[in-house]
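Here is a short briefing on one protein chain. Keep the sequence and the 3D view open as you read.

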Amino acid sequence: MANVTGMCPWTAYGFGGTSVPGAAEAEKKFYRRIACFRRDRSDRVFAGAKKTVAFDVLNDSPETQDLELTIAVDGADADSVRLTLEPGGAKTVSLAFTAKEVPGKALPDFEGSTLEFRLTANGTGVQRESFQYKIYPAPASDDVENVYVYRAPGDVDFASLNPAADLVVIAENVLGTPE
């Protein structure tokens, strides 16, 4: 699959059923031959919890690439994975980190933390991005007075919740099914 392209010809060359102003320029600016995309967009974690983040790693170049994806928390490397992708190859990988402790905080307060991921190809940096995570203190069992399970609209009266004493558990796939 050498010389594959991730550019949509309908957008890149401005033809097709519809035309979106600026779409071709935006796609050209964003496109990278070697890239990774974070699947998990959640930005919250409890202190001390292990969090796994999934990435789609892509090689849209005409050569085989030796890649390394590293995740760092507040500047310190936490996990990395090495992989080799053939031209046109793609793979989903997961990296993990443990959220720092947040002493002196109580729900609903949180502390910010910076997560950064770096992708290298054959030893050369090709992508580097960072994003903020909110680290909440893990609720102690004696902090939680009420546990509510949200299964459908109307199950929980969110306006009456006490963020320091009430815990809401959201049932699997309630907010939409993963694609």
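Where is the place of N122? N122 sits in the loop between β7 and β8 (124–136). The model is a predicted one: local features need pLDDT of at least 70, side-chain atom pairs count only at pLDDT 80 or more, and totals for chains, interfaces and linings use all residues. Residues are numbered from 1 along each chain as its sequence is written, and side-chain values use heavy atoms, with hydrogens and water left out.

**The chain overall**

- The chain has two helices and ten strands. Helices (H or I, at least four residues) and strands (E, at least two) are DSSP runs, numbered from the N terminus.
- From the N terminus on, the elements run α-α-β-β-β-β-β-β-β-β-β-β.
- The chain has 179 residues, and 30% of them count as buried. Buried means under 20% relative accessible area, exposed means over 50%, and partly exposed lies in between (1.4 Å probe, protein chains only).
- Take the contacts between residues at least 6 apart in sequence: 55% of them join residues at least 24 apart. Contact means heavy atoms within 4.5 Å.

**Strand β4 and its partners**

- Strand β4 covers residues 65–73, and seven of its nine residues are buried, so the strand is largely enclosed by the rest of the structure.
- β4 pairs with strand β5 (residues 76–85) in the antiparallel sense, over nine bridges. Two strands pair if DSSP finds at least two bridges between them.
- D66 has T84 in β5 as its bridge partner.
- β4 also runs antiparallel to strand β7 (residues 111–121), and seven bridges join the two.
- On that side, V73 stands opposite L115 in β7.

**A residue inside β4: T70**

- T70 lies in strand β4.
- Is T70 buried or exposed? T70 is buried, with a relative accessible area of 8%.
- Leave aside neighbours within four places in sequence, and T70 is in contact with D77, D79, S80, L95, E116, F117 and R118.

- Most residues other than glycine have a negative phi.
- D74 has a positive phi of about 50 degrees although it is not a glycine.
- D74 lies in the loop between β4 and β5. These two strands form a hairpin, with two residues between them.
- D74 is partly exposed, with a relative accessible area of 40%.
- N122 is not a glycine either, yet its phi is positive, about 55 degrees.
- N122 is partly exposed, with a relative accessible area of 48%.

**The open sheet**

- Which strands form an open sheet? Three strands do, in the order β1-β3-β6, and the pairing is antiparallel.
- β1 and β6 (90–98) stand at the edges, each with a single partner strand, so one side of each is left without a neighbour in the sheet.
- Neighbouring strands of this sheet are turned by 30 degrees against each other on average, direction ignored. Axes are lines fitted to C-alpha atoms (for helices, over the stretch in contact), and angles run from 0 to 180 degrees between N-to-C directions.
- β3 and β6 run antiparallel and are joined by nine bridges.
- T52 stands opposite A96 in β6.

**The second largest pocket**

- Rolling a probe the size of a water molecule over the atoms shows where empty space is left.
- A pocket is an open set of points on a 1 Å grid over the protein atoms alone, where a 1.4 Å probe fits, with protein on both sides within 12 Å along at least five of seven lines.
- The second largest pocket has a volume of about 160 Å³. Volume is the space filled by probe spheres set on the points, with grid points joined across faces, edges and corners.
- Twelve residues line this pocket, and Y31, R32, F37, L58 and D60 lie nearest its centre. Lining residues have an atom within 4 Å of a point.
- β1 (34–38) and β3 (50–59) are the elements that give two or more residues to the lining.
- The lining has five nonpolar, four polar and three charged residues. Ala, Val, Leu, Ile, Met, Phe, Trp, Tyr, Cys and Pro count as nonpolar, Asp, Glu, Lys and Arg as charged, and the others, Gly among them, as polar.

- N146 is found in strand β9 (residues 146–150).
- N146 is partly exposed, with a relative accessible area of 32%.
- N146 and D166 are 20 residues apart along the chain, and their C-alpha atoms are separated by 4.8 Å.
- Not counting residues up to four places away in sequence, N146 touches A165, D166 and L167.
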